[in-house]
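Q: I'd like to learn how to read a model like this one, feature by feature. Can you take me through it?

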Amino acid sequence: IGVLMNIEYLITHSGGFHADELLSSVVLKFLFPKAKIIRSREKQTLTPSKNKIIYDVGGKYDPKFQIFDHHQRPNPLRENGQPLSSFGLIWKHFGKDYLKRNGISEETLEDIFSEFDLKFVLPIDLIDNGAVDLSTLDAIANLSLPVLLENFKPAFDEISTTAHDDAFIKALPIAEEFIQSSIQSLSAKHRANKIINSLIDKSGNSEILELPMGMPFQSALENINAKHILFIVYPRGSEWTLSTIKTSENSFDQRASLPASWAGLTNKELEIKSGIEGAIFCHNARFIAIAKTRDAILKMADQAVINFHNNKS
């Protein structure tokens with residue numbers, strides 16, 4: 001990125017906007033904070049020069065001239081043939097620098113770059129290029145990030161000549177929050193994985209894994225070496241939590257559920273049914289339970305393991 005430090009202008013198209021150039025602007029403005037965002041379709045403005053990055057407009061994809069458009073034919077594609085939007089192109093060329101400037105370590109850089117590309121950038125690319133039909137998602141489609149960001153567009157009868165540009169600038173910090181929070185979440189997950197992998201190594205064949213605090217554990221436990229673990233326990237404030245583990249990150253199915261006899265019970269009723277003093281709560285869907293003490297939660301975990309094996313046989 002050193003050779004691009006003289007960037008003075010970040011140029012995208014005028015008029016209505018979509019999520020791809022909005023998110024691209026977030027990445028580029030962060031890397032080139034002194035550069036001015038210009039929204040234009042004027043030929044002179046779109047003429048390449050060393051002090052410009054042109055994206056989502058310009059009619060070509062040519063990194064040498066710092067042009068990152070995807071509307072031309074043939075359009076730029078990923079190695080697997082999936083289409084790229086301007087955001088995909090900007091992330092491809094500037095994503096790693098963006099992550100480094102956000103404090104992501106070299107140790108996790110490649111993983112977070114790829115995970116963010118797969119989970120965040122690719123959906124934007126596919127939706128922008130019409131490769132995903134949002135209508136099949138019914139009401140959920142209205143909660144997709146592109147739709148949410150495009151809600152910032154001015155109304156059709158807004159008469160201000162700067163309405164679109166004003167709306168674009170208003171939406172930028174919101175778009176930035178989506179990117180930043182997603183990256184922070186991925187980074188936290190990697191830190192948690194490191195802790196959990198160490199604890200798994202120390203836990204041997206135990207079907208219960210105790211964590212020092214609440215943390216994201218699903219991705220670490222999908223590791224083939226952790227298939228034997230059925231339940232997680234960890235402190236939460238002054239109480240302790242017993243959690244089940246999903247069969248996969250995108251599933252609601254559990255490796256093992258809590259005992260059916262506990263479902264929906266609280267306090268004394270749960271203590272009587274479980275026989276464990278200090279049991280406080282079990283969710284009706286049997287994926288989480290709470291107890292007053294570590295000793296009580298470990299007893300509940302032991303019972304849950306026994307119940308699982310008894311019902312499996």
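This is a predicted model: local features need pLDDT of at least 70, side-chain atom pairs count only at pLDDT 80 or more; totals for chains, interfaces and linings use all residues.

Q: What's the general idea behind a salt bridge?
A: Side chains of opposite charge can pair when their charged atoms come close. In this model the count comes to 9 salt bridges.

Q: Which residue forms a salt bridge with Asp117?
A: That's Arg78, with the closest N and O atoms 2.7 Å apart. Here the pair links distant parts of the chain: Asp117 belongs to helix α3 and Arg78 to the loop between β5 and α2, 39 residues apart. Asp117 and Arg78 are both buried. They also belong to a salt-bridge network that links Arg78, Asp117 and Asp125.

Q: And where do Lys194 and Glu107 lie?
A: Lys194 is in helix α5 and Glu107 in helix α3, 87 residues apart, so to speak a link between distant parts of the chain. Their closest N and O atoms are 3.9 Å apart in a salt bridge. Lys194 and Glu107 are both exposed.

Q: On to the rings. How many aromatic pairs are there?
A: A search of the whole structure finds 10. Take Phe68 and Phe94: their centres are 5.7 Å apart and the planes make 70 degrees, an edge-to-face pair. Phe68 lies in strand β5 and Phe94 in helix α2, so the pair ties together parts 26 residues apart in sequence. Both Phe68 and Phe94 are buried.

Q: Why is the pair of Trp91 and Phe113 called stacked?
A: Look at the angle: planes under 30 degrees apart count as stacked. The ring planes of Trp91 and Phe113 are at 10 degrees, with centres 5.6 Å apart, so this pair is stacked. Trp91 is in helix α2 and Phe113 in helix α3, 22 residues apart. Trp91 is buried, as is Phe113.

Q: What else is there around Phe113?
A: Lys96 lies over the face of Phe113, 5.0 Å from the ring centre. Phe113 is also part of one aromatic cluster, together with Phe30, Phe87, Trp91, Tyr98, Phe116 and Phe120.

Q: Now the sheet. What order do the strands take?
A: For a general idea, in a regular strand the side chains alternate between the two faces of the sheet. The open sheet here has 5 strands in the order β6-β7-β8-β10-β9, with mixed pairing. β6 and β9 stand at the edges with a single partner strand each, so one side of each has no neighbour in the sheet. Neighbouring strands are turned by 20 degrees against each other on average, direction ignored. Helix α8 packs on this sheet and touches β6, β7, β8, β9 and β10; its direction makes about 145 degrees with that of β10.

Q: How do I read the mixed pairing strand by strand?
A: Follow β7. Strands β6 and β7 run parallel and are joined by 3 bridges, and Ile208 has Phe231 as its bridge partner in β7. By contrast, β7 and β8 run antiparallel, joined by 6 bridges. Phe231 stands opposite Thr244 in β8. The hairpin of β7 and β8 has 2 residues between the strands, and Gly237 there takes a positive phi near 65 degrees.

Notes: Residues are numbered from 1 along each chain as its sequence is written. Side-chain values use heavy atoms; hydrogens and water are left out. Two strands pair if DSSP finds at least two bridges between them. Helices (H or I, at least four residues) and strands (E, at least two) are DSSP runs, numbered from the N terminus. Rings of Phe, Tyr and Trp (its six-membered ring) pair if their centres lie within 6.5 Å; planes under 30 degrees apart count as stacked, over 60 as edge-to-face and the rest as tilted. Buried means under 20% relative accessible area, exposed over 50%, partly exposed in between (1.4 Å probe, protein chains only). A charge sits over a ring if NZ of Lys or CZ of Arg is within 6 Å of the ring centre and within 35 degrees of the ring normal. Axes are lines fitted to C-alpha atoms, for helices over the stretch in contact, and angles run from 0 to 180 degrees between N-to-C directions. Contact means heavy atoms within 4.5 Å. A salt bridge is a side-chain nitrogen of Lys or Arg within 4 Å of a carboxyl oxygen of Asp or Glu.
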